[in-house]
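Hi everyone, thanks for making time for this.

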Amino acid sequence: MYDVVAMGELLIDFTCVSKDGEGYPTMAAHPGGAPANFLAALAKFGTSAALLGKVGNDAFGKLLVGTLEQAGIGTSGIIMTDDVFTTLAFVTLDETGNREFSFSRKPGADTCLRYDELNMELIDNAKVFHFGTLSLTDEPARTTTYKAVEYAKAAGKLITYDPNLRKPLWKDLEETKKQLIWGMTKADVVKISDEEVEFLWGLGVEEGAAYILKNFDVKLVFVTCGADGCYFKNAVASGKVPSLSGIKVVDTTGAGDIFGGSAVYKLLQTGKAPETLNEDELREVVTFACTSAGLSTTKPGGISSVHAYQQVLDRIAAK
C-alpha cells in the first residue's frame, strides 16, 4: 500500500517573523513534526508514504490532516481525539536561522497515541518503517512506539531512525540517553546530528559513526553537521559531502528531517541493501539529500519547504 510508513508527532510550528517594541513575537504557523517533514520529502519525490499519529479534533488538527493530504501523505493512520489538543511548537530563530524550541505539550495529542489505535495494515504493507524519539518522551506513546518498532522489525521491514533530540521535552537527560540508545538497537539506517553524537557519547563525527556501526546492528549511518554537510559510513565505504552553498537561509526548521526523507528516497531508488552501497553510490545519495535539505532552508516551515525533484536535480547540476 505504502512504500514508507512513519510514526510520531504531527504538530504546528510557530515561527517568529518579527518582534514588537517590547520583544513579543509575531508568529507564523507552519505544519510540522519530524516524521511528517520526513515523509513530505518522500511524497514530493513520488514515493508513497503514510503517517501513524494523533492530533486533536480541533482547528489545528484538521488543518494538519488536510496538509498531509495535499502533500500526498496517507492519513488513514491519523487519529483525531476530543480529549487533548494538537501539539504546538514555538520556534524562535537567531540571525543565522538556527532554532530554539518551546512546546505546548503537557500533554499534546501526539503523546497520547495508544497501540490499539494503530492501523497495523499500514506497517504490514510498507517496505520501510521510520520513527524518531519525540514519541518516546511520554506514555502511552512510548510503549506504543516500542511495540510498533518491534512489530515492524519482526516483519522484516527496513527500520530507519532519527534521534531528533529536543532537550526541553525531556525531564531527565540520563533517561533521554537511554531512550535514544534504545532506538539505535532497533535501526538499520540512522540519521543523527553531530550534536546528538556528542550528547550520547562525547565523540566526534567520524568516531561516532564508527562507534554506531561497531556497537549496534546498524547498516548505514548519516551524521549531519549543519552547515558543514554530512558524513556517511557503512561497512564498505565512508566519506563526507559538503552542504549546499550560495543560498540565503531563511529557516532551518525541518531541514534534518527533509535530509532524512530525501536520503531514504534515494536509498529506495538504488534497490540495494544499505550495507552494500559503495562510496560513489552513497555520495550520490548524500549529495541529493544535502541539496534537498539546503534548498528547504530558503523557505519557512518544514512540510511546506520541500522543493520539487527537478529543482533539486537542477541545483546539483549547477554546482
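Let me start with a question for you: is Y146 buried, partly exposed or exposed? Bear in mind as you look that this is a predicted model. The answer is partly exposed, as Y146 has a relative accessible area of 24%. W182, on the other hand, is buried, at 16%.

Why bring up these two residues? Searching the whole structure gives 16 aromatic pairs. In the pair of Y146 and W182, the ring centres are 4.5 Å apart and the planes meet at 45°, so this pair is tilted. Y146 belongs to helix α4, residues 141-154, and W182 to helix α5, residues 173-184, so the contact ties together parts 36 residues apart in sequence.

Now please turn to Y265 and Y309. This aromatic pair is edge-to-face, with 5.8 Å from centre to centre and 70° between the planes. Here too distant parts of the chain are linked: Y265 sits in helix α8 (residues 255-270) and Y309 in helix α10 (residues 309-317), 44 residues apart. Y265 counts as buried, at 6% relative accessibility, while Y309, at 28%, counts as partly exposed.

There is also an aromatic cluster made up of F14, F60, F85 and F90.

K177 places its charged end over the ring of F199, 5.3 Å from the centre. K266 lies over the face of F288, at 5.2 Å from the ring centre.

That brings us to the salt bridges. How many does the structure hold? There are 16 salt bridges. One of them joins D138 to R105, with 3.9 Å between the closest N and O atoms. D138 is in the loop between β9 and α4, and R105 in the loop between β8 and α3, so the bridge ties together parts that are 33 residues apart in sequence. R105 is buried, with a relative accessible area of 8%.

Next come D188 and K219, whose side chains meet at 3.6 Å, N to O. D188 lies in the loop between α5 and β11 and K219 in the loop between α7 and β12, so parts 31 residues apart are tied together. D188 is buried, at 11%.

R283 and E279 form a salt bridge at 2.8 Å. They are four residues apart in helix α9, which means about one helical turn separates them. R283 is partly exposed at 28%, and E279 is partly exposed at 35%.

Last stop: K54, R114, D116 and E117 are linked in a salt-bridge network.

Note on methods: Residues are numbered from 1 along each chain as its sequence is written. This is a predicted model: local features need pLDDT of at least 70, side-chain atom pairs count only at pLDDT 80 or more; totals for chains, interfaces and linings use all residues. Side-chain values use heavy atoms; hydrogens and water are left out. Rings of Phe, Tyr and Trp (its six-membered ring) pair if their centres lie within 6.5 Å; planes under 30 degrees apart count as stacked, over 60 as edge-to-face and the rest as tilted. Helices (H or I, at least four residues) and strands (E, at least two) are DSSP runs, numbered from the N terminus. Buried means under 20% relative accessible area, exposed over 50%, partly exposed in between (1.4 Å probe, protein chains only). A charge sits over a ring if NZ of Lys or CZ of Arg is within 6 Å of the ring centre and within 35 degrees of the ring normal. A salt bridge is a side-chain nitrogen of Lys or Arg within 4 Å of a carboxyl oxygen of Asp or Glu.
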